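Hi,

Here is the structure I promised to pass on. Have a look at it first, and my notes on what turned up follow below.

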Amino acid sequence: MENLYAERIKNVPRSFIREILKISLDPSVISFAGGLPNADYFPVRHIQAATEKVFTDYGSEVLQYSNSEGDLQLREWIAARYKEQKNLIVSPDNIIITNGSQQGIDLLGKVLLNDGDGVLIEEPGYLGAIQSLSLFRPVFIPAPLNDDGLDIEILAEKSGNCTAKMLYSVPTFQNPSGVTYSDENKEQVSAIAEKNSFVIVEDDPYWELRFSGKPSRSFAHFLPQQTAMLGSFSKIVAPGFRLGWIAAPEALSEKLLIAKQAADLHTSSLSQKIMYEYLVGGDLDTHIKAITDAYGGQCRAMQDAIQNSFPKSIQFTRPEGGMFLWGKLPEGMDSMALFDEAVKEKVVFVLGILSIQNRGQQTRFG
Ligand SMILES: Cc1ncc(COP(=O)(O)O)c(C=O)c1O
């Protein structure tokens, strides 16, 4: 059987997150791994009401095949939210509804990447993106993250020495570090992207989950013609819908639409309509405030516990929102060994991408 598999699947790392999530299913395990929203807060009652409204108002129409770009009302809602929240003008025509932002990553890989192309990626990076993009057999070029975004000197040097097609970035409350890029950092990264002609993939599912500090700007403010924005309803409403979107420049959108059509024709029309009715039903902002308050409280509790119980040699980030906080162990301390010890105590957390390499996986890093 082994010789039947395509090269592209042989090199894909098994997602360490999925493995950790498997361990986390044991109710006696305390999990600090994965960006799972707190299920206690899912707006079940409002979603139930939205579902009933959809069947009453639209009947069998929502059970039919639909267009590949997605529900127009939902795309118009997203465009209006970009204007309201980020002061960005985005045409609904350049938005494609996807099965979560994870599918957006896959479609961008399909449209942009040939075998061996460079992909600039944050270090530490979102493991789900590394896994998804690995299928296109790129060479990953890690660019380290500092407290306020990417290390500009290293990014400029590395991207100048290769022909990267894209930078994959989670600029707000980054998964897994919790770091948020400053506007200044984004402007500098955009200038490098313009000079070296690569697309910035701005994956921003946590942007609305801010519990302190001031909102940041999008890469699209600085380099609209080369920025593809990924969004998601997973963290602000519920991941079970599997609803996200890509908003990209027109020419790129056209190619993405072909890739979307080929992949699955379209995202569930039923899910899209229920989401739309939920969004216009008036609960969203109250819901976001409730979850943001809760996550802010959890983050403060975690920081206090680290401060009080960890050795002072361990550094950690101070996120202003989202779900992630990242600790740096002192030089010479093995995170995998610590992970194994933690699992014995029924606690799990996510490790840096380097630990994936150290486990003998074959994903190519430049
Ligand atoms: C940065 C990032 N991008 C994408 C995803 C996938 O989200 P979705 O449920 O929208 O596919 C996640 C989920 O944790 C994430 O953290």
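**The sheet**

Isoleucine 121 has tyrosine 168 as its bridge partner in strand 6. Before I go further: this is a predicted model, where local features need pLDDT of at least 70 and side-chain atom pairs count only at pLDDT 80 or more, while totals for chains, interfaces and linings use all residues. Residues are numbered from 1 along each chain as its sequence is written, and side-chain values use heavy atoms, with hydrogens and water left out.

Strand 3 (residues 118-123) and strand 6 (residues 164-169) run parallel and are joined by four bridges. Helices and strands here are DSSP runs numbered from the N terminus, with at least four residues of H or I for a helix and at least two of E for a strand. Two strands count as paired if DSSP finds at least two bridges between them.

Zooming out, eight strands make an open sheet with mixed pairing, in the order 2-9-8-7-6-3-4-5. Strand 2 (95-98) and strand 5 (149-150) are at the edges with a single partner strand each, so one side of each has no neighbour in the sheet. Helix 8 (residues 183-196) packs on the sheet and touches strand 5, strand 6 and strand 7 (199-203); contact means heavy atoms within 4.5 Å. The direction of helix 8 makes about 145° with that of strand 7.

**Two helix pairs**

Two packed helices are described by the angle between their axes and the distance between the axes. Axes are lines fitted to C-alpha atoms, for helices over the stretch in contact, and angles run from 0 to 180 degrees between N-to-C directions.

Helix 3 (residues 44-58) packs against helix 11 (residues 269-280) at about 115°, with the axes 8 Å apart. The contact involves residues including His46, Ile47 and Phe55 of helix 3, and Leu270 and Tyr278 of helix 11. By class, the contact of helix 3 with helix 11 has eight nonpolar, two polar and three charged residues. For these classes, Ala, Val, Leu, Ile, Met, Phe, Trp, Tyr, Cys and Pro are nonpolar, Asp, Glu, Lys and Arg are charged, and the others, Gly among them, are polar.

Helix 5 (residues 100-112) and helix 6 (residues 127-134) pack at about 35°, with their axes 9 Å apart. Here Gln102, Ile105, Asp106 and Gly109 of helix 5 meet Gly128, Ala129, Ser132 and Leu133 of helix 6. That contact of helix 5 with helix 6 divides into three nonpolar, four polar and one charged residues.

**Spaces inside**

On a 1 Å grid over the protein atoms alone, a cavity is a set of points where a 1.4 Å probe fits but cannot get out; a pocket is an open set with protein on both sides within 12 Å along at least five of seven lines, and lining residues have an atom within 4 Å of a point. Grid points are joined across faces, edges and corners, and a volume is the space filled by probe spheres set on the points.

There are five cavities of 30 Å³ or more, and the largest cavity holds about 210 Å³. Of its 16 lining residues, Lys86, Asp204, Trp207, Glu208 and Trp245 lie nearest the centre. Helix 4 supplies the largest share of that lining, six residues.

The second largest pocket has a volume of about 400 Å³. Among its 23 lining residues, Gly35, Gln102, Tyr126, Tyr206 and Lys235 are closest to the centre. Helix 5 gives the most to this lining, with four residues.

Cheers
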